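Hi everyone, thanks for making time for this. Let me put the model up on the screen and then walk you through it.

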Amino acid sequence: MAAPESGDGNNGAARMVTLISSDNTRFEVEAAAASLSQTLQLTILDGGGGGGDGIPLPNVDSATLSKVLEYCIKHAPAAANGGAPNATAVDRAELERFDNEFVNIDQSVLYSLIMAAHNLEIEGLQSLVAKKVADMIKGKSPMEIRRTLGFPDPTPEEQAEMNAHMLEYGWAYE
Amino acid sequence: MTKTSALAAVDALPLPEDLFQAEILVRLPAKDHLRCGAVCRSWRGLTSAADFLVAHHRRQPSRPIVSYDYGYRCTTTATVTYDNDFVVRASCDGLLLLFFYNIWCFAICNPGTRQSIDVPVNLGGFDVAGFYLHSSSGEYRILGWKKKNYNDEHPVCYSSSKKPRCIGLPSILIDDEHSPTGIAASFASRTGLRPWLVVLLALMHMKVYIRLTGSE
């Protein structure tokens with residue numbers, strides 16, 4: 001099905017869509033930004049989300065959704081250009097700076113974002129946030145990883161297993 | 001938006017297990033991946049499951065693993081060194097099938113985790129036709145063939161788990177050296193030594209199953 005109007009935001013008044021978070025907050029964004037979500041893209045192409053309708057997102061709360069949309073709005077222009085070809089080095093550097101700052105947030109928010117990005121299938125956001133969490137794990141000892149992720153302290157039995165594993169794969173701890 | 005139902009979280013994991021695995025653990029380099037195996041029991045299972053290992057492997061950057069001296073001799077992969085010269089006969093999902101031509105035996109090497117295990121069955125005289133993941137059983141298998149005698153080429157290949165099936169000409173050689181009991185004995189003497197990489201043998205003389213499992 002064809003889009004009802006040229007909705008990619010390149011000709012004057014961009015088409016807007018409304019997204020509704022789990023706690024019933026309405027967010028109005030450009031269709032091009034919301035279309036970074038593979039999940040929403042089809043609905044939007046079908047002409048959904050406009051006017052008073054709105055697209056309900058029962059799995060995403062308003063705090064998370066606003067963060068997600070912040071990402072989408074920033075990345076939409078580059079995505080519309082098909083990524084790199086038209087982007088200048090300055091644009092790319094600016095996006096990179098934005099990304100770095102964007103993930104400089106509490107762990108709990110990171111996790112909410114991973115869930116949301118996964119559900120909404122926003123590939124760039126998924127890898128951005130997952131990479132951040134992976135970076136939190138990298139280079140740490142098993143005990144440090146547990147602490148970082150807020151696991152309870154290991155039982156003596158678990159500790160013994162941990163030690164045995166570390167002994168077996170000694171090179172990984174050098 | 002389908003996967004949020006799978007909220008069967010691992011103990012204290014801040015995300016659903018499958019999501020944590022699919023999104024985060026696969027992005028870790030091999031060293032950190034191994035360390036994660038020590039974090040807790042559920043992670044140990046998570047990080048050593050065969051499908052995870054394949055997904056993890058596919059995300060790893062490409063880099064040289066093996067280079068040959070004089071075009072033939074080689075004793076070291078990127079991370080594992082051997083006493084004997086070998087050639088690489090096949091690879092699959094990041095695992096290398098090595099043939100040590102001086103001592104006439106095979107080993108399977110995982111350069112990512114620096115693990116290596118001898119193939120505990122004499123495959124001498126067989127040519128390797130393939131090394132692959134048999135998807136329905138989840139086993140890694142070696143497919144080989146052998147000349148019946150020097151003047152007479154008879155490809156003999158097997159697939160299928162319980163009853164080995166001859167794909168080529170129906171000429172199977174079974175002698176003492178390659179008998180099922182000999183293989184079984186060899187198998188039993190070795191499996192206790194290597195947790196994580198467990199080799200399961202087929203009934204027939206030339207087939208070897210490798211299963212990547214948790215620490216058993």
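I'll go through the two chains, then the place where they meet.

A word on the ground rules. This is a predicted model, where local features need pLDDT of at least 70, side-chain atom pairs count only at pLDDT 80 or more, and totals for chains, interfaces and linings use all residues. Residues are numbered from 1 along each chain as its sequence is written, while chains are lettered from A and ligands numbered from 1 in the order in which they are written.

Let's start with chain A and its sheet. Three strands make an open sheet in the order E2-E1-E3, with mixed pairing; strands pair if DSSP finds at least two bridges between them. Helices (H or I, at least four residues) and strands (E, at least two) are DSSP runs, numbered from the N terminus. Strands E2 (26-30) and E3 (55-56) of chain A sit at the edges with a single partner strand each, so one side of each has no neighbour in the sheet. Strand E1 (residues 16-20) of chain A joins E2(A) through five antiparallel bridges, and one of the bridge pairs is A:Leu19 with A:Phe27. Helix H3 (residues 62-80) of chain A packs on this sheet, touching E1 and E2 of chain A, and its direction makes about 5 degrees with that of E2(A). For that angle, axes are lines fitted to C-alpha atoms, for helices over the stretch in contact, and angles run from 0 to 180 degrees between N-to-C directions.

Now the packing. The largest nonpolar core has 49 residues, and A:Ala34, A:Val68, A:Cys72, A:Ile114, A:Ala117 and A:Val129 touch the most other members. A core here is a set of buried Ala, Val, Leu, Ile, Met, Phe, Trp, Tyr and Cys residues joined through C-beta atoms within 7 Å. Buried means 20 or more other C-beta atoms within 10 Å of a residue's own, exposed means 12 or fewer, and partly exposed is in between, with C-beta atoms placed from the backbone. H5(A) supplies the largest share of this core, seven residues. A second, separate core of 14 residues includes B:Leu96, B:Ile108, B:Ile117 and B:Ile142.

That takes us to chain B, which has five helices and 10 strands. Of its 216 residues, 32% count as buried. An open, antiparallel sheet in chain B runs E1-E2-E3-E4, and the twist averages 25 degrees from one strand to the next. Strand E3 (residues 105-110) of chain B and E4(B) share four bridges, with B:Asn110 partnered by B:Gln115.

So where do the chains meet? The contact takes 32 residues from chain A and 22 residues from chain B; two residues are in contact if their C-beta atoms, placed from the backbone, lie within 7 Å. On the chain A side, H6(A) gives the most, with six residues.

Which helix of chain B is largely enclosed by the rest of the structure? Helix H2 (residues 30-39) of chain B is, because seven of its 10 residues are buried. Its cover includes H6, H7 and H8 of chain A, together with helix H3 (41-48) and helix H4 (50-59) of chain B.

Lastly, the record: UniProt places "domain: F-box" (unreviewed entry) at residues 23-48 of chain B. UniProt positions use the numbering here, feature names are shortened, and annotations may be inferred rather than shown by experiment.
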